Amino acid sequence: SVSLYSVAVVTGSNKGIGLAIVRALCKQFNGDVYVTSRDVGRGEEAVKTLNSEGLKPKFHQLDINDLNSIKNAAAYFKGKYDGVDILINNAGTAFKASDTTPFGVQAEVTLRTNFFATRDVLTHFLPLVKAGGRVVNVSSMLSASGLKQCSPELQQRFHSEDITEDELVVLMQRFVDEAKKGEHKQGGWPDMSYAVSKIGVTVLSMIHARHLSKERPKDGILINACCPGWVRTEIAAPGAPKSPDEGAITPVYLALLAPGATEPHGKYVSDKEVQPW
Ligand code: NDP
């Protein structure tokens, strides 16, 4: 069965940058655009907000920390649209700098959502991405600065073209395990769980790009990681320079790369420019 409709799915889009991404896609993308949220009430509120602006997004529940929720959503998009055209992995979390939760717990919670759950979404959704599809993983500039603070050995692995998904998962888990024992600095890691989680997101995007180029060379799918910039949301300080709509610009640019485009692919992008990694 071939679906006539194109579809874009944005994780964690009940507020913040994700909501702004849905707003922009509703205006610029010729297809159905989905708000997804772990909480149905918050998701429906977001849809109402956009309705009041004359926009007509759809809604589906998606908690990226819940494997059943991921599988249900994947089955829904497979059934209704025969796959997805645009997937934006935006859902993420960060502890405030002032939070006194022990570092090991922060490491576990931050990595669970930002890296491991994002990876679970990719595992279940990448096979559904249609030819010509676009996948955008919202990372952070802190992935690039965090990388520079890693040991030379870790930097070499995160730069390498031959790192596998399995190796990346082992390294991310090693960070969590060492953080719990207070040994992450000896292990060569920066003292920032959020930065490490986003190193994982950036490197995972590059690994998947290499896979897609090898396994589905004719499908022209482009996958990239990006930084939205410093954006005034719950995650960042209120003094951040960008509005959520401004933060959505680079993710939306990557989601709407023209049909037939071959780049960027497997890159880390901010302000619509490929950045060094
Ligand atoms: P917000 O806190 O405003 O939004 C985060 C969104 O992610 C919320 O919708 C939240 O839902 C959702 N979310 C969190 N955990 C889950 C989960 N398990 N399942 C589904 N959704 C979840 O922050 P931002 O809009 O700023 O963040 C969006 C992305 O941008 C994140 O990946 C963040 O790391 C990244 N980023 C942000 C920067 C900034 O300056 N703001 C800078 C660089 C990167 P809920 O309402 O239910 O909590």
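**Aromatic pairs**

A search of the whole structure, which is a predicted model, finds 11 aromatic pairs. Two of them are set out below.

| Pair | Centre to centre | Angle between planes | Type |
|---|---|---|---|
| Phe-115 and Phe-116 | 5.0 Å | 80° | edge-to-face |
| Phe-175 and Trp-189 | 5.3 Å | 65° | edge-to-face |

Now take Phe-175 and Trp-189. Their planes stand at 65°. Planes over 60 degrees apart count as edge-to-face, so this pair is edge-to-face. Where in the chain do the two residues sit? Phe-175 belongs to helix α7, residues 165-180. Trp-189 lies in the loop between α7 and α8 (193-215). The two are 14 residues apart, and their pair links distant parts of the chain. Both Phe-175 and Trp-189 are buried.

Rings can also join into a cluster. Which residues does this cluster hold? Ring pairs link Tyr-34, Tyr-76, Phe-77, Tyr-81 and Phe-125.

Strands of a sheet pair through backbone hydrogen bonds, either parallel or antiparallel. In which sense do β5 and β6 pair? Strand β5, residues 129-138, runs parallel to strand β6, residues 222-227. Five bridges join the two strands. Within this pairing, Val-135 stands opposite Ile-223 in β6.

**The largest pocket**

Rolling a probe the size of a water molecule over the atoms shows where empty space is left. How much space lies in the largest pocket? The volume is about 1,200 Å³. The lining of this pocket is made up of 48 residues. Which of them are the closest to the centre? They are Gly-92, Thr-93, Ala-94, Tyr-194 and Ile-235.

Helices contribute to the lining too. At least two lining residues come from each of α1 (16-28), α4 (103-125), α5 (141-148) and α8.

Methods
Residues are numbered from 1 along each chain as its sequence is written. This is a predicted model: local features need pLDDT of at least 70, side-chain atom pairs count only at pLDDT 80 or more; totals for chains, interfaces and linings use all residues. Side-chain values use heavy atoms; hydrogens and water are left out. Two strands pair if DSSP finds at least two bridges between them. Helices (H or I, at least four residues) and strands (E, at least two) are DSSP runs, numbered from the N terminus. Rings of Phe, Tyr and Trp (its six-membered ring) pair if their centres lie within 6.5 Å; planes under 30 degrees apart count as stacked, over 60 as edge-to-face and the rest as tilted. Buried means under 20% relative accessible area, exposed over 50%, partly exposed in between (1.4 Å probe, protein chains only). On a 1 Å grid over the protein atoms alone, a cavity is a set of points where a 1.4 Å probe fits but cannot get out, and a pocket is an open set with protein on both sides within 12 Å along at least five of seven lines; lining residues have an atom within 4 Å of a point. Grid points are joined across faces, edges and corners, and a volume is the space filled by probe spheres set on the points.
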